[in-house]
Amino acid sequence: MNVLWLQSGGCGGCTMSLLCADSCNLFEMLSSAGVRFLWHPSLSEETGVEVTRVMERCLSGQVTLDALCVEGSLLRGPNGTGRFHLLAGTGRPMIHWVRELASVARYTVAVGTCAAYGGVTAAGGNPTDACGLQYEGDEPGGLLGVEYRSRSGLPVINVAGCPTHPNWVVETLMCLAFGLFSERDMDALGRPRFYADHLVHHGCTRNEYYEFKASAEKPSDLGCMMENMGCKGTQAHADCNIRLWNSEGSCTRGGYACISCTEPGFEEPGHPFAQTPKIAGIPVGLPTDMPKAWFVALASLSKSATPRRVRENAVSDHQVITPAIRKTRLR
C-alpha cells in the first residue's frame, strides 16, 4: 500500500507522536504489512523537484496512490486562493495539491484534529481560513466538500487527536493495507471506531473518586477532575486510558484534565481548559448519555456515601489513608 504524507497548517505534532510509537521497529512493522511511504516530509530523503515528481506520478497514474495522509489543517486564505500556504518550490497552494491527490487516492486520511476538523489552527479569528479535509468544526464540508469520496468509496477517515495516539495511525494504516476497514468502521464524525467507540473515562485510574464525586480542588490532587478542574474524560471519545501512551500513561494519569482533543471544536471550549464551568453549582458539561436530573441525584447520593479514605485522599497529592484490611474468606 503506497502512502503519501503531506503536512499542511499545523505543528507537526502528529508526526512527532508517530515516531514515539510503542514498537521495536515501527517502519519494519508497517513494511511487513505492505505499507510503503512514497514520501513523508520528516522521514524521506527526497526534496524539491524529487517530491514534485513523486506527486506528479501519482496524479498521472504511473504510481498508484493508495492512501493520502494529510497532517495539519487546510489553509484556504486569503479569499479562497490558498496562497497563505504554497508548497515550496511549486508556486502552487497546498490546497490545490491536496484536492488533486485526493481525487486519485484510494483512501484519504486526516491525521490529527487539525486535518480532520480545523483544530487549533482554525481557532480565534481564523485569518488563514483554516478548515479540515471534510469538516469545518463539526459541520461537514471543509476543503473537499460533503460529497467527497475516495476511490474506495469512503469519505475522509478522521484519525482525530491533538496529537493522535501513534497506534491510532498505525492501526488505521494496517487495517487499510489488509482491506479490513469499511464505512461501518467509522463513527458519525468519521473517526475509526476502534478507538472512538470508547471514552477517555474508561479505564481512568480516578474512577473511584468519580463514583463518589470526590473531587480534586487543585493541580496534583488525586481526586476526580471533572467537577472543578475542567476534565472532559466522560465526554471525550478515545481509548487513552485503555491504550496507554508508550504503555505507561495518559493525560489524566499524568495529573492533567482531559481537554477532549479528539472532538471538533475542542480548541475553543468557551472557558479555561483547567476550569469547569457551572450553573447553580452543577457542571455544564455532563457525562455523555446522562440526563441532568440523574446526575444531580447520583452526585448527591454519592457524596453522602463517600468513605473518609476517598474524601481525604481526593484533595491530597498522595494517599493519606490506605484501604482498610478486611477478611475476605467466605464463611
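Leucine 43 sits in the loop that runs between strand S2 (36–39) and helix H3 (49–60), where helices (H or I, at least four residues) and strands (E, at least two) are DSSP runs numbered from the N terminus. The model is a predicted one, in which local features need pLDDT of at least 70 and side-chain atom pairs count only at pLDDT 80 or more, while totals for chains, interfaces and linings use all residues. Residues are numbered from 1 along each chain as its sequence is written, and side-chain values use heavy atoms, with hydrogens and water left out.

Because its relative accessibility is 32%, leucine 43 counts as partly exposed; buried means under 20% relative accessible area, exposed means over 50%, and partly exposed lies in between (1.4 Å probe, protein chains only). Together with Leu19 and Phe27, Leu43 makes a nonpolar surface patch of about 240 Å². Patches are made of residues with over 30% relative accessible area and no salt bridge, with like charges joined within 9 Å and nonpolar side chains (Val, Leu, Ile, Met, Phe, Trp, Tyr) within 5 Å. A salt bridge here is a side-chain nitrogen of Lys or Arg within 4 Å of a carboxyl oxygen of Asp or Glu, and accessible areas come from the Shrake-Rupley method with a 1.4 Å probe, only the protein chains shown counting as cover for residues.

Arginine 57 is placed in helix H3 and, at 37% relative accessibility, counts as partly exposed. Apart from its neighbours within four places in sequence, arginine 57 is in contact (heavy atoms within 4.5 Å) with Gln62 and Val63. The C-alpha atoms of arginine 57 and glycine 91, which are 34 residues apart along the chain, are separated by 18 Å.

In helix H4 (residues 94–104), the buried residues include Met94, Ile95, Trp97, Val98, Leu101 and Ala102. Viewed down the axis of H4, its buried residues fall within an arc of 155°, so they line one face of the helix; the arc is that of the directions from the helix axis to the C-beta atoms.

Serine 17, in helix H1 (residues 13–18), counts as buried at 8% relative accessibility. Leaving aside neighbours within four places in sequence, serine 17 is in contact with Pro163, Thr164, His165, Pro166 and Trp245.

## Cis peptide bonds

Most residues other than glycine have a negative phi, and most peptide bonds are trans. A cis peptide bond joins cysteine 162 and proline 163, with omega about 0°, and proline 163 lies in the loop between strand S11 (157–159) and helix H6 (166–177). Another cis peptide bond, with omega about -5°, joins glycine 77 and proline 78, and proline 78 is in the loop between strand S4 (74–75) and strand S5 (86–87).

## Positive phi values and the annotated span

Asparagine 246 has a phi near 50°, a positive value in a residue other than glycine. Its place is in the loop between helix H8 (207–211) and strand S12 (278–279), and at 43% relative accessibility asparagine 246 counts as partly exposed. Alanine 280, in the loop between S12 and strand S13 (282–283), has a positive phi near 55° and counts as exposed at 77% relative accessibility.

In an unreviewed entry, UniProt places the feature "domain: Cytochrome-c3 hydrogenase C-terminal" at residues 198–273; such positions are given in the numbering used here, feature names are shortened, and annotations may be inferred rather than shown by experiment. In the model, residues 198–273 are 7% helix and 0% strand, and the end C-alpha atoms of the span lie 22 Å apart.
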